[in-house]
Amino acid sequence: MIELEKDLVRAFSNLGLVVRWAHFFGTLDFTTLGGAGFASQKILFKDYLKEFGGPIGSQKEVLDLSSYDGLSLSILKGDGNAYCLNLYNTIGEVVDPETGKRESVIEFKYSFTPDPSFNSEVAQLGGDSDNLARSQVYIPFKDFLPYYRGRLVDAEIMLARDPSFSSKSLILDSSNIKALSMMCQSGFGKQSGSFSLFLESIFAYKN
């Protein structure tokens, strides 16, 4: 689940909305899917741009970040669990209209584990987070690795399954980002139970 603390007073006019922080939290039950459990929240940029507009995409359905070197996460508080930031060049077709479930596609994943002691003295974040320290994580686009259904993609195996497979599809195209998701995975039973991550921002950066 994602909880947003919105700040309309400080909102930039070209975006229409500024999120002061986002709280990604829930309970991870790896037994539900036979050890392969995960919790995630995904943003399809075509839906985001329709709702909020702005110059970042105009009428397009993708983000072109090819003029940047990577993404930066500003973390307010973590819990020691491992998290993943995923980027998508493709979006699977809807296979269940009732739930909105889509077919699996290759996702480009970066895993990180926030320091649990960071801002640990803060029991619960309120609307004012200005005085808190930030933990900044810089992720070059080249460090996003291709995964399929939770496992790192092996190009040789993919080629054996599909002769038309191209290894180019295993390299993130930063000019064609269609979706982003935050995920907490069980790692096939390595972690479970409650999780909680407070994020202030995700920005594209340039060296």
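Strands are DSSP runs of type E with at least two residues, numbered from the N terminus. The exercises below use that numbering on a predicted model.

**Exercise 1.** Find which strand gives the most to the lining of the second largest pocket, and describe that lining.

*Solution.*
1. The second largest pocket holds about 990 Å³ of space.
2. Its lining has 35 residues, and Phe38, Ser40, Glu107, Arg149 and Met183 are the closest to the centre.
3. At least two lining residues come from each of strand S3 (38-44), S5, strand S7 (101-102), S8 and S12.
4. S3 gives the most, namely five residues.
5. Sorted by class, the lining of this pocket comprises 14 polar, 13 nonpolar and eight charged residues.

**Exercise 2.** Locate serine 201 and decide whether this residue is buried or exposed.

*Solution.*
1. Serine 201 belongs to strand S13, which spans residues 193-205.
2. The cut-off for buried is under 20% relative accessible area.
3. Serine 201 has 14% relative accessibility, so this residue counts as buried.
4. Beyond its neighbours within four places in sequence, serine 201 contacts Ser72, Leu73 and Ser74.

**Exercise 3.** Identify the residues with the most contacts inside the largest nonpolar core, and the elements that give two or more residues to this core.

*Solution.*
1. The core has 31 residues, and the most contacts inside it belong to Leu71, Leu85, Leu87, Phe112, Phe141, Phe144 and Leu197.
2. Two or more residues come from each of S2 (19-28), S4 (70-77), S5 (83-88), S8 (107-112), S9 (135-140), S12 (179-185) and S13.
3. Take phenylalanine 144: with residues up to four places away in sequence left out, its contacts include Leu71, Leu85 and Leu87, along with Lys109 and Leu172.

Methods:
Residues numbered from 1 in each chain as written. Predicted model: local features only at pLDDT ≥ 70, side-chain atom pairs only at ≥ 80, totals over all residues. Heavy atoms only, no water. Helix = DSSP H or I, 4+ residues; strand = E, 2+ residues; numbered from the N terminus. Buried < 20%, exposed > 50% of the residue type's maximum accessible area, 1.4 Å probe, protein only. Contact = heavy atoms within 4.5 Å. Core = buried A, V, L, I, M, F, W, Y, C linked by side-chain atoms within 4.5 Å. 1 Å grid on protein atoms, 1.4 Å probe; cavity = no way out; pocket = protein on both sides within 12 Å on 5 of 7 lines; lining within 4 Å. Points joined across faces, edges and corners; volume = space filled by probe spheres on them. Nonpolar A, V, L, I, M, F, W, Y, C, P; charged D, E, K, R; others polar.
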